[in-house]
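Hello,

I am handing over the structure below, with notes on what was found in it. Please read the notes with the structure open beside them.

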Amino acid sequence: MSELKEWEFYKTLLETTNAIPWQINWDTKEFSYIGPQIESLLGWPQDSWKSAQDWIDRIHPDDRDKTVGMCIQLSDDGTDHEADYRALTQDGGYVWIRDVVHVIRENDKTIAIIGFMFDISERKSMELELEELNKKNQALLLQDPLTQVANRKALNERIEFEFKRAERNKRPLSILFIDIDHFKKYNDDFGHLQGDQCLIAVAQLLKTQFSRAYDFVARFGGEEFVVILPETTLEDAVSSAERFRKAVAHLTIPNLMASQHADITVSIGVNTHGAGQNYLNVSSFLQSADQLLYQAKAEGRNQVRFLS
């Protein structure tokens with residue numbers, strides 16, 4: 001086979017694959033070649049790819065700096081590499097591209113880079129769907145399925161984080177332990193399904209009452225809930241607890257018949273780490289708040305107790 005025919009053979013082979021071949025002169029940063037398949041993929045004519053700047057301008061703004069910076073650095077260093085990014089189509093959409101790059105060097109200097117572009121949109125779409133699914137699954141692992149507030153696992157993670165942050169910044173951290181009074185009797189009188197409705201209603205009221213961006217509501221277990229209040233003094237935490245306790249008295253429980261009447265009350269233990277009352281660790285902090293809750297229950301329920 002003559003050299004001309006051999007070249008035509010390889011050119012035809014390259015231009016009939018799904019992978020799009022290209023080459024850039026590293027001194028001039030101009031395209032020496034790009035396969036005609038680029039037009040069917042992105043819509044931009046083959047002859048519109050003059051320089052590396054055309055490539056840069058057609059990268060999604062969110063991907064551009066990271067992709068370009070990495071490619072320039074690795075190409076200058078003589079390191080082969082890959083890059084995934086979104087490429088702009090002529091009609092204004094985006095296609096996920098994987099660029100596989102080989103660096104050509106002479107005398108320890110990069111003279112050209114060659115590579116292939118692959119359309120990975122379908123694969124990337126599947127990856128993003130799986131990522132989103134994993135996020136949802138992770139969220140479900142940290143959420144109480146009945147009340148839709150955080151669960152015990154999420155509470156343990158959050159209180160550790162907030163306790164360390166309060167220590168580091170020398171700021172108060174308050175916590176509320178909340179228990180629905182006589183909940184077993186409520187279940188016995190109205191049934192477990194109605195008991196579930198009661199738990200849901202209390203949880204939703206908690207989310208409404210404690211709605212700052214950094215407030216955190218969790219179900220501790222059974223009929224107990226915990227609220228973490230960062231950047232909150234004992235005085236403010238007690239005030240918030242009293243406000244919630246009074247709001248519970250006006251709570252409407254769904255599905256109760258008109259002839260049925262249920263007085264819902266709560267007992268609350270409030271504690272604060274910092275501002276004169278410091279704890280060695282999270283465990284002792286939680287234990288003290290829990291003891292205050294049971295003090296409130298022992299002293300008649302429907303009240304707030306705190307260390308004065």
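**The five-stranded sheet**

Five strands make up an open sheet in the order β7-β8-β6-β9-β10, and their pairing is mixed. The edges are taken by β7 and β10 (304-306), each of which has a single partner strand, so one side of each has no neighbour in the sheet. On average, neighbouring strands of this sheet are turned by 20° against each other, direction ignored. Axes here are lines fitted to C-alpha atoms, for helices over the stretch in contact, and angles run from 0 to 180 degrees between N-to-C directions.

Some ground rules before going further. This is a predicted model, in which local features need pLDDT of at least 70 and side-chain atom pairs count only at pLDDT 80 or more, while totals for chains, interfaces and linings use all residues. Residues are numbered from 1 along each chain as its sequence is written, and side-chain values use heavy atoms, with hydrogens and water left out. Helices (H or I, at least four residues) and strands (E, at least two) are DSSP runs, numbered from the N terminus. Two strands count as paired if DSSP finds at least two bridges between them.

Within the sheet, β7 (residues 216-221) pairs with β8 (residues 224-230) in the antiparallel sense over five bridges. The two form a hairpin with two residues between them, and Gly222 in the turn has a positive phi of about 55°. β8 also pairs with β6 (residues 173-180), in the antiparallel sense and over seven bridges.

**Strands β1, β4 and β5**

Strand β5 (residues 109-119) pairs with β1 (residues 20-25) in the antiparallel sense over six bridges. Ile24 has Ile113 in β5 as its bridge partner. β5 also pairs with β4 (residues 94-106), again antiparallel, over 10 bridges; here the bridge partner of Arg98 is Phe118 in β5. β4 and β5 form a hairpin with two residues between them, and Asn107 in the turn has a positive phi of about 55°.

**Helices α8 and α9**

Two packed helices are described by the angle between their axes and the distance between the axes. For α8 (residues 192-209) and α9 (residues 234-248), the angle is about 140° and the axes are 11 Å apart. The pair is therefore oblique (under 35 degrees is roughly parallel, over 145 roughly antiparallel, 65 to 115 roughly perpendicular, and the rest oblique).

Val202, Leu205, Leu206 and Gln209 in α8 meet Arg243, Phe244, Ala247 and Val248 in α9, where contact means heavy atoms within 4.5 Å. Phe244 is buried, with a relative accessible area of 0%; buried means under 20%, exposed over 50% and partly exposed in between (1.4 Å probe, protein chains only). Not counting residues up to four places away in sequence, Phe244 touches residues including Ile178, Phe210, Val266 and Ile268. The C-alpha atoms of Phe244 and Ser283 are separated by 25 Å, and the two residues are 39 apart along the chain.

**Thr67**

Is Thr67 buried or exposed? Thr67, in helix α4 (residues 61-77), is buried, with a relative accessible area of 6%. Leaving out residues up to four places away in sequence, Thr67 touches Trp55, Ile59, Ala83, Asp84 and Tyr85.

Regards
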